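Visitor: I would like to learn how to read a model like this one, feature by feature. Could we start from a pair of residues and work outwards?

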Amino acid sequence: MKIETKFDLGQKVFLIKYDSKPTRKPCDKCGGVVEYETPTGVKVRCDKCRYAEYQGHPRGTMGSFLDSEWYIVGTGTIGRVSATRYDYNGGDPDALGMNYQPQKPDSDKEEYMLWETGIGSGTLHSPDKMFATEEDARKECALRNTTEVKEG
Ligand SMILES: [Zn+2]
């Protein structure tokens with residue numbers, strides 16, 4: 001038996017996620033100006049966004065979160081593939097034994113583990129959130145965002 005899977009070992013994939021996406025917005029204290037003069041002529045450097053700039057963020061910005069949406073969260077390399085396949089046509093429904101409801105089998109399933117998130121004791125990734133190219137991942141995000149596919 002040869003099992004075909006959506007992805008192969010060692011393949012690079014793009015992962016998508018439905019979540020509140022971290023982003024940057026202009027500092028709400030200084031409005032992104034960073035350095036300004038008070039009415040009495042004293043030059044002041046905004047203390048709210050100074051640390052963010054020190055951490056390497058764009059000058060005059062602060063962290064923010066957008067409303068939840070689908071977006072590309074990163075890439076990974078497949079290090080483990082597990083596939084479950086059912087025989088939808090064969091099997092005797094009257095046969096004795098521990099058949100898992102052969103008349104109504106569960107749906108075929110694939111799960112992946114990535115080197116970046118751990119092989120063995122890592123995170124299981126579902127193929128419906130994995131794509132072979134960045135373009136495919138971006139298109140799927142756009143489609144899911146416009147059709148408002150949500151995830152619990
Ligand atoms: Zn500021």
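Guide: Let us begin with a bridge: L15 has G74, in strand 4, as its bridge partner. A strand here is a DSSP run of E of at least two residues, a helix is a run of H or I of at least four residues, and both are numbered from the N terminus. This is a predicted model, in which local features need pLDDT of at least 70 and side-chain atom pairs count only at pLDDT 80 or more, while totals for chains, interfaces and linings use all residues. Residues are numbered from 1 along each chain as its sequence is written.

Visitor: How many bridges join strand 1 to strand 4, and in which sense do the two run?

Guide: As a general idea, strands of a sheet pair through backbone hydrogen bonds, either parallel or antiparallel. Two strands are taken to pair if DSSP finds at least two bridges between them. Here strand 1 and strand 4 run antiparallel and are joined by 14 bridges, and K12 stands opposite T77 in strand 4. Strand 1 also pairs with strand 6 in the antiparallel sense, over two bridges, with L15 standing opposite M130 in strand 6.

Visitor: In what order do the strands of the open sheet stand, and which of them are at the edges?

Guide: The open sheet is formed by four strands in the order 5-4-1-6, with antiparallel pairing. Strand 5 and strand 6 are at the edges, and each has a single partner strand, so one side of each lacks a neighbour in the sheet. In the protein as a whole there are two helices and six strands, which run β-β-β-α-β-β-β-α from the N terminus on.

Visitor: Where does helix 2 lie relative to the strands?

Guide: Such an angle is taken between N-to-C directions, from 0 to 180 degrees, with axes that are lines fitted to C-alpha atoms, for helices over the stretch in contact. Helix 2 lies across strand 1, strand 4 and strand 6, and runs at about 125° to strand 4. Contact means that the C-beta atoms of two residues, placed from the backbone, lie within 7 Å.

Visitor: Which residues of the largest nonpolar core touch the most other members?

Guide: In soluble globular proteins, nonpolar side chains tend to be buried together. A nonpolar core is a set of buried Ala, Val, Leu, Ile, Met, Phe, Trp, Tyr and Cys residues joined through C-beta atoms within 7 Å. The largest one has 13 residues, of which V13, I16 and F131 touch the most other members. Two or more residues come from each of strand 1, strand 4, strand 5, strand 6 and helix 2, and strand 1 gives the most, with four.

Guide: A residue is buried if 20 or more other C-beta atoms lie within 10 Å of its own, exposed if 12 or fewer, and partly exposed in between, with C-beta atoms placed from the backbone. V34, in the loop between strand 1 and strand 2, is partly exposed because 18 other C-beta atoms lie within 10 Å. Phi of V34 is near 70°, a positive value in a residue other than glycine. T146, which lies in helix 2, counts as exposed because it has 9 C-beta neighbours inside 10 Å.

Visitor: What pLDDT does the protein average?

Guide: The score pLDDT is the predictor's confidence in each residue, from 0 to 100. The protein averages 86, and 86% of the residues score at least 70.
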